[in-house]
Amino acid sequence: MVYKLNRNHMSTTARIGGGGGFWGDQTLAPLALIEQGELDYLTIDYLSEVTMSIMHKQLVRDAEAGWATDLADWLKAGGIGMLHSMNVKLVTNAGGANPRACASMVLSAAAEIGWNDCVVALVIGDDISSRLSGVGATGAELEHMFDASKGSLLDHTERVVSANAYLGAGPIARALERGADIVITGRVADASLIVGCMLHHQGWAKNAESQNLPLCGPISKWHNDENTLDIIAGWTIAGHLIECGAQVTGGNSSDWLEIDNLATIGYPIAEIGADGHCIITKPLLSGGAVTPRIVSEQLLYEIGDPSSYITPDCTIDLRSITLEQITPDRVLVQGAIGIKPPETLKVSATHRDGWMAAAELAVPGPKPRMKAERLNQVLKERLEHCKGLNIHCEFLGDGALLPPNLRIDSSPPSEIIVRWVATSHDKMELAEFARSIAPLVLTGPAGVCGYGARARPRELLRFFPTSIGRVLIEPQVHVRMLHSWRHELELRMPWLEEHIFDRLEDMVATQGVKSRLAGRVLKRLERVKEGETIHD
Amino acid sequence: MTKTTVRLGDIAHGRSGDKGDMVNIALICHEKEWLPLLESAITPKLLSKWFNGWSEGPFEVFSVPGIGAINCLIHRVLQGGGTVSKRLDSQGKALGQAVLDVQIAIDSKIAKRVGFIAERF
């Protein structure tokens, strides 16, 4: 497979860049990737399980915040002009908890360079935090995904900070089909950013548009081929491989010792074919490396059962995937098997659960282990009266990163950092914990040092994964140009408004699983409407 | 069955990551053909021994033959998940590297059959 330097969109292979792995990654990495990557599309995943909740907290304080501000930094450092002049489309979930504010920033950045016909699309509908009780009224159980003993998200409604469904590639593809230059999304599954580009690039989105297929429906219906699911699986794997940025080009690799140019590490490019294969590579002359060893580590990164890696677009069996070095820094990836995805979407939620504070001090030899033990004992005795306080202590430098049975028996280290993390539902107890650290320097064993600023308690957000029926999620695509709405595609399902019944009845009239789900929802809503309380 | 003790890192390289309260440790054989060695040596029972005190399981091990790897899942190991874990390594990112220094017992017969030669990686 040889890549032809052909930027024509009729070319079947798409070159898609992965410009970052999280909010806080190297801010200007996308610039190098656009400049040297010969890209058709640039994708950037800014979100993690934790990020959404941080963004929601910011949004509460400031109506214009709650999105990945790194995006503004590189767009305004010349990035927006480069996207324009090099004709690279940008697809990113930088919108986080506030995609509208993020899109406004993008439009104003475009205006600043005179790119007045820049088309920005918003993909929203993932955020269900404000309508949890409405969702609950439909009978959705929202039970903990992995641990039934944790109950339902609905048990925590009052304390929920964020709740976002993972949207798939469909809405992104439709946004691109409607002429978007830049697509800003909320919580979209990481790999779906890439799959969305492919659905557009290969003309599948055009089919969906002309047949008026639903945004959130199965994208396998957008293309008629016996290998359709395998193709989607291949695209999803390509997306999975580049969504963590430089983790597939030599970052965080076991081969770090052999890679001597990590300082200039190149961010990844996937050359993705119509048939689902891809080649992972990086810009010429950039640092890092792309080898099967490195790609294999990323292939299994954050994966559960490899026979069923679930995404909104496709469930994937990745056991038969093979990796092959074709030429230096180019690895061919093929063999993913696609399976129909579930009728539910994953929901990432977080809820408040008390407070947390961390502090650390260092102890030197002689007898660093005994000193560390004694120091910890003194602190715990002084705080014994704080009944709600739970203190965790670990000895950094003495095996703390491994479970006890795996710690290699060795002679004592020359020094130990004693690290404490305390939690409590009473913020006052944490204030007392924080005040108790510095005095240990003068009132503990000898030589204690390393005292920093007094620890500040932060709110603890507990992660709560659950799932929701696709029928209950209403993704929307808004395509927007400077100062005007060009067109607006809305598949609305306004919660508990009158015409929801009409919409559900329409759905019931269709065939298949969606119809059955809609039927169940309709029945429940009718009972709620009649004033009945539903318990189950 | 004759056993030989080797450093895990001599058979495989690794990376770990988190998902909720779970950590996955991917171990990829330096040579694809060595996979049976890992499959026989790293079992859910061994993982439960390794993680005693940190997790009561469940523990799972899956094979990924296409790339000569196993994927180890350690459930309920992050004190509730990355956002609430009190450990410095709240997402288990260090584990994929840290386990490479652990000595494991491998079946000498399988080692011979798959042509395993311990090297320093």
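Predicted model: local features only at pLDDT ≥ 70, side-chain atom pairs only at ≥ 80, totals over all residues.
Mentor: pLDDT is the predictor's confidence in each residue, from 0 to 100.

Trainee: What is the mean pLDDT of chain A?

Mentor: Chain A has a mean pLDDT of 89, and 88% of its residues reach 70 or more.

Trainee: Where in chain A is the pLDDT below 50?

Mentor: Residues 1–10 of chain A have a pLDDT below 50; beyond near neighbours in sequence, the model gives this stretch 8 contacts. Residues 531–536 of chain A also stay under 50, with 5 contacts beyond four places in sequence.

Trainee: Turning to Ile279(A), which strand holds that residue?

Mentor: Ile279(A) lies in strand β8 of chain A, which covers residues 278–281.

Trainee: Is Ile279(A) buried or exposed?

Mentor: Ile279(A) is buried, because 24 other C-beta atoms lie within 10 Å, and a residue counts as buried at 20 or more.

Trainee: How far is its C-alpha atom from that of Leu332(A)?

Mentor: The two C-alpha atoms are separated by 4.4 Å, although Ile279(A) and Leu332(A) are 53 residues apart along the chain.

Trainee: Now the contact between the chains. How many residues does each chain give?

Mentor: Chain A contributes 43 residues and chain B contributes 38 residues.

Trainee: Which elements of chain B give two or more residues to the side that touches chain A?

Mentor: They are β2 (12–19), β3 (22–29), α3 (44–50), β4 (59–64) and β5 (69–74) of chain B. The largest share, 6 residues, comes from β2(B).

Trainee: And what is that side made of, by class?

Mentor: The side of chain B that touches chain A has 17 nonpolar, 13 polar and 8 charged residues.

Key
Residues numbered from 1 in each chain as written. Chains lettered and ligands numbered in written order. Contact = placed C-beta atoms within 7 Å. Helix = DSSP H or I, 4+ residues; strand = E, 2+ residues; numbered from the N terminus. Buried ≥ 20, exposed ≤ 12 C-beta atoms within 10 Å, placed from the backbone. Nonpolar A, V, L, I, M, F, W, Y, C, P; charged D, E, K, R; others polar.
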